[in-house]
Amino acid sequence: MEKIVVSIQDASVRYNLATQKRHGLKDYLQALKRRELLFQEFIALKDISLTVRQGESWGIVGKNGSGKSTLLKLITGILRPYKGTVSVNGTVAPLLELGAGFDGDLTGRENIMMNGLILGMTEKDIRARFDEIVDFAEIETFLDVPLKNYSSGMKSRLGFSIATCARADILIADEVLATGDKAFQLKCEERMQELLAGGTTLLFVSHSSAAVKRMCQKALWLDAGEMRMTGDVGEVVQAYEGSGQSGK
Amino acid sequence: MNRIWTSVRLTVTNCIRYLPLLKNLIARELKKKYRSTMLGYAWCVLNPLFVMLIMTAVFSNMFRNSIANFPVYLFCGRMIYSLATGGAAGILRSLRGNGSLMRKTRIPYYIFPVASFCSAMVDFFFTLIAFALVLLFTRTPLSIHVAAFPLVVLQVAIFTFGLGMLLAVCNVFIQDISYLYNIFTVAWMYLTPMFYPLSSLSEPMQHLISTFNPLYYYIAQMRGIFLDHVWPDRQLMLLGFSVGIALVVVSLLAYSKAKNTLILYV
């Protein structure tokens, strides 16, 4: 058996809704009294348990708002469990949003450095893989252009390119294929397959059941913050689609 | 004790690991401020210089004042006030301002206030060039006492970081802080003897300001060095360091208490 890289036990995550709707002064004062003025609890994930081994690829499916991104944030370490435990063995490259941390005023070149550092790469790594990053993103001629003048496709390609060149042990991809054209989607899938073949662990969120089936061996179905089913990708996706939740 | 030691060691290794990112964040702030301008980084020096010229013109002609070497007198005050209040304002915004990054990536939050503090210090060193020019034009003689200048800067730097960090943590939970701070700095400006001598105020007011306004401690030391050619007053220096260190300690305690829940509020 391969070693365990992600181990989640009975983890719950809570969020702050920060509701802004207040009906007048009375409501405001009542919220203040209940200590809910700045914090209204919302349990985004309930009693999740998951064990991921090295080299596995997991698809996470579920409706919008079912807690998929929250689960990825939990594994990345951005959110902490409010109950239960999470332990992660290895480096994580989170792609929770293509180009998270990009700065429109900086050039492509500067953003590559900045984003690589944010992902935990060293300056040396980034320089060594600079050409590889640029090649994949196909932005050679725009390297010294501020990022705000890039097309959204270029930004997506660059974000994906940096994250996959970070060579982290665990790649976390949230809806990365949703933007971009067919050619880009194919290219991304190919890249992820290469990484998987090299022993990277993949956690993959997508609304495309077909993509999940192509990319992943295993799947987890989340529904309103709770686990409905885990197991072989075929069975889980079939059950999910059968439930009518996938909209098919 | 052991736990504290481990956490200190962890923080230090983390700091070293994130040093290149810190460097890039500082460079980013500077680049964004000046890159798209025609004069570029010259603005770092020109900006404080022009503000100074205007204030000198206003206060030495409109209000006939009797302060000798008014440009240097004013600059000493203005420099310290800008570093402390401007620097703290930048740090105040740094946590909330980088919320989107904090929600999408995993970097220690303290890197943002630290980067903001460092870029304020870089701006301050550009201001020093303007100050040097003013000293040159006014033919202000310098003495050995200038050697104590870095110690004064150190006091202000500690104070600025402590104040900014404390405000930044509070501002995550209560956003009104940033508005209150803006109002506060206006009052602070008039309560700091920047363009008037302390002696022009009433006795009780003089006492209040020289006791409770930390900026006075720093500005008085500065003027002693550059205008009166004396070493900084020991008591002022002690007060200056104590206030700053106390603020840093309180702010770090607040940060360490808040860091686990911070993400739910930004």
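Biologist: What share of the 248 residues of chain A count as buried?

Modeller: 40% of them. Buried takes 20 or more other C-beta atoms within 10 Å of the residue's own, exposed takes 12 or fewer, and partly exposed is in between, with C-beta atoms placed from the backbone. This is a predicted model, where local features need pLDDT of at least 70, side-chain atom pairs count only at pLDDT 80 or more, and totals for chains, interfaces and linings use all residues. Residues are numbered from 1 along each chain as its sequence is written, while chains are lettered from A and ligands numbered from 1 in the order in which they are written.

Biologist: What radius of gyration does chain A have, and what would a compact globule have?

Modeller: Chain A has 20 Å. A compact globule with 248 residues would be near 18 Å, so the two agree. The radius is taken over C-alpha atoms, and the globule rule is 2.2 Å times the number of residues to the power 0.38. Along the principal axes, the C-alpha atoms of chain A fill a box of roughly 60 × 45 × 35 Å.

Biologist: How many helices and strands in chain A?

Modeller: 9 helices and 9 strands. Both are DSSP runs numbered from the N terminus: helices are H or I with at least four residues, strands are E with at least two.

Biologist: What part of the chain A contacts with a separation of 6 or more comes from residues 24 or more positions apart?

Modeller: 75%. A contact means two C-beta atoms, placed from the backbone, within 7 Å.

Biologist: Is helix H2 of chain A enclosed or open?

Modeller: Largely enclosed by the rest of the structure, because 9 of its 9 residues (68-76) are buried. The buried set includes A:Lys68 and A:Lys73, along with A:Leu71, A:Leu72 and A:Ile75. Just after H2(A), A:Gly77 takes a positive phi of about 100°.

Biologist: Which residues other than glycine have a positive phi?

Modeller: A:Glu175 is one of them, with phi near 55°. A:Glu175 sits in the loop between strand S6 (170-174) and helix H7 (182-197) of chain A. With 17 other C-beta atoms within 10 Å, A:Glu175 is partly exposed. A:Ala224 is another example, at about 50°. The loop holding A:Ala224 runs between strand S8 (218-223) and strand S9 (226-232) of chain A. A:Ala224 has 14 C-beta neighbours inside 10 Å, so A:Ala224 counts as partly exposed.

Biologist: New topic. How many residues of chain A are in contact with chain B?

Modeller: 21 residues of chain A, against 16 residues of chain B. Strand S1 (4-16) and helix H3 (108-118) of chain A are the elements that give two or more residues to the chain A side. H3(A) has the largest share, 4 residues.

Biologist: Now chain B. What angle do H7(B) and H10(B) cross at?

Modeller: Roughly 165°, with the axes of H7(B) (149-173) and H10(B) (214-228) coming within 10 Å. That makes H7(B) roughly antiparallel to H10(B). Axes are lines fitted to C-alpha atoms, for helices over the stretch in contact, with angles from 0 to 180 degrees between N-to-C directions. Under 35 degrees counts as roughly parallel, over 145 as roughly antiparallel, 65 to 115 as roughly perpendicular, and the rest as oblique.

Biologist: Which residues meet there?

Modeller: From H7(B), they include B:Phe149, B:Val152 and B:Phe159. From H10(B), they include B:Tyr218, B:Met222 and B:Ile225.

Biologist: What about H10(B) against H11(B): which angle and axis distance?

Modeller: About 135°, with the axes 9 Å apart; H11(B) is residues 234-258. That makes H10(B) oblique to H11(B). Residues meeting across this pair include B:Tyr217 and B:Ala220 in H10(B), and B:Leu239 and B:Gly240 in H11(B).

Biologist: Last one. How far apart are the end C-alpha atoms of H4(B)?

Modeller: 38 Å. At 1.5 Å a residue, the 28 residues (70-97) should span 40 Å, so that agrees. The expected span is 1.5 Å times one less than the number of residues. H4(B) is mostly covered, with 21 of its 28 residues buried.
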